[in-house]
Amino acid sequence: AAALIPVVALAAGWCDGLGLGGNTKAAVIRTGLEEIRVACAFLHPDRESCTQPVSCPALEDSPLAQLLAACYGGPDRACAHFFAAEGGAVRWEEAECEVAGGDRSAGVVN
(Lines give C-alpha, C1' and ligand atoms only; values in the text may rest on other atoms or scores of the structure.)
Protein backbone atom coordinates (compact mmCIF):
# COMPACT_ATOMS: atom_id res chain seq x y z
CA ALA A 1 0.00 0.00 0.00
CA ALA A 2 2.95 2.32 0.56
CA ALA A 3 3.62 2.11 -3.18
CA LEU A 4 0.49 4.22 -3.71
CA ILE A 5 1.88 7.17 -1.75
CA PRO A 6 3.88 8.57 -4.73
CA VAL A 7 0.79 8.28 -6.94
CA VAL A 8 -1.26 10.35 -4.48
CA ALA A 9 1.64 12.83 -4.28
CA LEU A 10 1.54 13.21 -8.08
CA ALA A 11 -2.17 14.02 -7.92
CA ALA A 12 -1.53 16.56 -5.16
CA GLY A 13 1.17 18.19 -7.27
CA TRP A 14 -1.14 18.41 -10.26
CA CYS A 15 -3.69 20.15 -8.02
CA ASP A 16 -1.03 22.68 -7.03
CA GLY A 17 0.23 23.17 -10.57
CA LEU A 18 -3.26 23.71 -11.94
CA GLY A 19 -4.11 26.15 -9.14
CA LEU A 20 -7.08 24.09 -7.97
CA GLY A 21 -6.81 25.22 -4.36
CA GLY A 22 -6.41 23.68 -0.95
CA ASN A 23 -9.86 22.12 -0.72
CA THR A 24 -9.36 20.18 -3.94
CA LYS A 25 -5.92 19.04 -2.83
CA ALA A 26 -7.34 17.94 0.54
CA ALA A 27 -10.09 15.98 -1.24
CA VAL A 28 -7.51 14.29 -3.47
CA ILE A 29 -5.39 13.33 -0.46
CA ARG A 30 -8.43 12.03 1.43
CA THR A 31 -9.51 9.96 -1.57
CA GLY A 32 -5.97 8.66 -1.98
CA LEU A 33 -5.87 7.68 1.68
CA GLU A 34 -9.13 5.74 1.26
CA GLU A 35 -7.72 4.00 -1.82
CA ILE A 36 -4.64 3.02 0.19
CA ARG A 37 -6.93 1.56 2.87
CA VAL A 38 -8.87 -0.39 0.23
CA ALA A 39 -5.61 -1.71 -1.26
CA CYS A 40 -4.47 -2.73 2.21
CA ALA A 41 -7.72 -4.62 2.77
CA PHE A 42 -7.39 -6.30 -0.63
CA LEU A 43 -3.77 -7.30 -0.09
CA HIS A 44 -4.32 -8.46 3.49
CA PRO A 45 -7.84 -9.95 3.67
CA ASP A 46 -6.79 -12.02 6.68
CA ARG A 47 -6.19 -8.87 8.75
CA GLU A 48 -9.54 -7.67 9.99
CA SER A 49 -7.97 -4.33 10.97
CA CYS A 50 -7.47 -3.54 7.27
CA THR A 51 -11.20 -3.61 6.66
CA GLN A 52 -11.94 -1.16 9.49
CA PRO A 53 -11.10 2.45 8.58
CA VAL A 54 -10.42 3.43 12.19
CA SER A 55 -7.87 0.69 12.89
CA CYS A 56 -6.32 0.23 9.45
CA PRO A 57 -2.50 0.01 9.59
CA ALA A 58 -2.29 2.30 6.55
CA LEU A 59 -3.76 5.07 8.68
CA GLU A 60 -1.27 4.78 11.53
CA ASP A 61 1.15 7.60 12.29
CA SER A 62 4.08 6.61 10.06
CA PRO A 63 2.23 5.89 6.77
CA LEU A 64 0.01 8.92 7.29
CA ALA A 65 3.05 11.11 7.93
CA GLN A 66 4.75 9.73 4.81
CA LEU A 67 1.67 10.49 2.75
CA LEU A 68 1.37 14.06 4.01
CA ALA A 69 5.10 14.72 3.59
CA ALA A 70 4.99 13.41 0.02
CA CYS A 71 1.89 15.46 -0.84
CA TYR A 72 3.24 18.72 0.54
CA GLY A 73 6.97 18.55 -0.12
CA GLY A 74 8.10 15.42 -1.93
CA PRO A 75 9.80 15.24 -5.32
CA ASP A 76 6.79 13.57 -6.97
CA ARG A 77 4.56 16.47 -5.93
CA ALA A 78 7.16 19.01 -7.06
CA CYS A 79 7.58 17.41 -10.50
CA ALA A 80 3.83 17.15 -11.03
CA HIS A 81 3.39 20.78 -9.92
CA PHE A 82 6.02 21.97 -12.41
CA PHE A 83 4.61 19.81 -15.21
CA ALA A 84 1.03 21.03 -14.66
CA ALA A 85 2.08 24.66 -14.22
CA GLU A 86 3.81 24.46 -17.62
CA GLY A 87 0.56 23.18 -19.12
CA GLY A 88 2.17 19.88 -20.03
CA ALA A 89 4.35 21.72 -22.54
CA VAL A 90 7.50 20.09 -21.14
CA ARG A 91 8.47 16.44 -21.18
CA TRP A 92 8.20 14.65 -17.84
CA GLU A 93 11.95 14.00 -17.88
CA GLU A 94 12.51 17.77 -18.13
CA ALA A 95 10.34 18.32 -15.07
CA GLU A 96 12.36 15.72 -13.17
CA CYS A 97 15.64 17.42 -14.16
CA GLU A 98 14.35 20.90 -13.40
CA VAL A 99 12.77 20.17 -10.03
CA ALA A 100 14.27 16.96 -8.70
CA GLY A 101 17.80 17.30 -10.04
CA GLY A 102 17.26 14.41 -12.46
CA ASP A 103 16.02 11.97 -9.83
CA ARG A 104 13.32 9.70 -11.23
CA SER A 105 9.85 10.07 -9.80
CA ALA A 106 8.59 7.03 -7.94
CA GLY A 107 5.00 7.62 -9.02
CA VAL A 108 5.68 7.49 -12.74
CA VAL A 109 6.53 4.28 -14.60
CA ASN A 110 10.10 4.68 -15.75
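This is a predicted model: local features need pLDDT of at least 70, side-chain atom pairs count only at pLDDT 80 or more; totals for chains, interfaces and linings use all residues.
Me: Which residue forms a salt bridge with D16, its closest N and O atoms being 2.7 Å apart?
Reply: D16 sits in helix α1, and its partner sits in helix α4, 61 residues apart in the chain. The closest N and O atoms of the pair are 2.7 Å apart, and the partner is R77.

Me: At what angle do helix α1 and helix α4 pack?
Reply: Residues of α1, including L10, W14 and D16, meet residues of α4, among them R77, H81 and F83. By class, this contact has 9 nonpolar, 3 polar and 3 charged residues. α1 passes α4 in a right-handed crossing. The two axes lie 7 Å apart, and the packing angle is about 35°.

Me: Which helix holds both R37 and E34?
Reply: These two residues form a salt bridge, with the closest N and O atoms 2.7 Å apart. R37 is buried at 11% relative accessibility, while E34 is partly exposed at 29%. They lie 3 residues apart, about one turn of the helix, and that helix is α2.

Me: Is R91 buried or exposed?
Reply: R91 forms a salt bridge with E93, the closest N and O atoms being 3.3 Å apart. E93 has a relative accessible area of 34% and is partly exposed. For R91 the value is 53%, and exposed means over 50%, so R91 is exposed.

Definitions and conventions
Residues are numbered from 1 along each chain as its sequence is written. Side-chain values use heavy atoms; hydrogens and water are left out. Axes are lines fitted to C-alpha atoms, for helices over the stretch in contact, and angles run from 0 to 180 degrees between N-to-C directions. Helices (H or I, at least four residues) and strands (E, at least two) are DSSP runs, numbered from the N terminus. A crossing is left-handed if the near helix is turned anticlockwise from the far one by less than a right angle, and right-handed if clockwise. Contact means heavy atoms within 4.5 Å. Ala, Val, Leu, Ile, Met, Phe, Trp, Tyr, Cys and Pro count as nonpolar, Asp, Glu, Lys and Arg as charged, and the others, Gly among them, as polar. A salt bridge is a side-chain nitrogen of Lys or Arg within 4 Å of a carboxyl oxygen of Asp or Glu. Buried means under 20% relative accessible area, exposed over 50%, partly exposed in between (1.4 Å probe, protein chains only).
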